[in-house]
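Here is a short briefing on a protein model. It covers a helix crossing and a set of aromatic rings.

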Amino acid sequence: DEPLLMQEAADSIRLHFRKQGFDERDIFNVDKSFDWNGFHHATNNLSLFAEKKILELRFTTAKLDDSAKKALQQYFDAPKSDFILLISSPKLEAATLNTKWFKAIESQSALIQIWPVNREGLASWLEQRLLQENIRADATALGLLMDKVEGNLLAAMQEIEKLKLLSGNHS
C-alpha cells in the first residue's frame, strides 16, 4: 500500500526485462468490469515489431473474482517465454496468499511485498533518500521534513526534489 515503493519496484523490474529484450509493454487496468478477453488476446498474439513483451495487470482491488483467477491460472498453465507478467495490486490478505490457486501461481512467480514505512523508520528512509541525492540533513532538518510529509512517501520525494533544485544538485 505504498504507491511510491510499488512504482519504484515495478520500474526496476521493467528496466531489468527491457535489458533482456522485452521491448513492448501492454498495460491492463483491472477493475470489477474488466473484460479478460483483451488479456487473452494479448497473450496469444505477438506484435510484428517486438518478440518479447511485458504484460502488466494493475489490479484496483486485492480480491480477485473467479474470472480473474481463471485467466491467471490459464496463463500460468501454459506460460510463454516471450511474455513477462507483472501484476500489481493492493495488499493481499493472508487468506489469499494461502489459497491453492495462489500457491500454484506463486510457484512460477516472484512475489514482492511492499511494506509501509512507519514513523520510526521514516527518518532513516528520508536520510537514505537525501544521501542518494548528495544532500546531508541534520536531525532538526529531518524532523521538519518528517512533519511536513506526514508519512507520505510521494510527498517526501517531491520535497527532496525541491531541496535538490535549491541545493544546485541537478545532475
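The crossing of α6 and α7 is right-handed, meaning that the near helix is turned clockwise from the far one by less than a right angle. This is a predicted model, where local features need pLDDT of at least 70, side-chain atom pairs count only at pLDDT 80 or more, and totals for chains, interfaces and linings use all residues. Residues are numbered from 1 along each chain as its sequence is written, and side-chain values use heavy atoms, without hydrogens and water.

**Helix crossing**
- Helix α6 spans residues 119-132 and helix α7 residues 139-149; helices are DSSP runs (H or I, at least four residues), numbered from the N terminus.
- Their axes, lines fitted to C-alpha atoms over the stretch in contact, come within 10 Å and cross at roughly 110°.
- α6 and α7 are therefore roughly perpendicular (65 to 115 degrees).
- In contact (heavy atoms within 4.5 Å), α6 residues including L122 and L126 meet α7 residues including L142 and M146.

**Aromatic rings**
- The model has 9 aromatic pairs, counting Phe, Tyr and Trp rings (for Trp the six-membered one) with centres within 6.5 Å.
- W36 and F59 have ring centres 6.3 Å apart and planes at 40°, so the pair is tilted, neither stacked (under 30 degrees) nor edge-to-face (over 60).
- Both W36 and F59 are buried, that is, under 20% relative accessible area (1.4 Å probe, protein chains only).
- Y75 and F76 form an edge-to-face pair, 5.2 Å centre to centre with 90° between the planes.
- Y75 is buried at 8% relative accessible area, and F76 is buried at 8%.
- Ring pairs link F28, F34, W36, F39, F59, Y75 and F76 into a cluster.

Definitions and conventions: Buried means under 20% relative accessible area, exposed over 50%, partly exposed in between (1.4 Å probe, protein chains only). Axes are lines fitted to C-alpha atoms, for helices over the stretch in contact, and angles run from 0 to 180 degrees between N-to-C directions. Helices (H or I, at least four residues) and strands (E, at least two) are DSSP runs, numbered from the N terminus. Angles under 35 degrees count as roughly parallel, over 145 as roughly antiparallel, 65 to 115 as roughly perpendicular and the rest as oblique.
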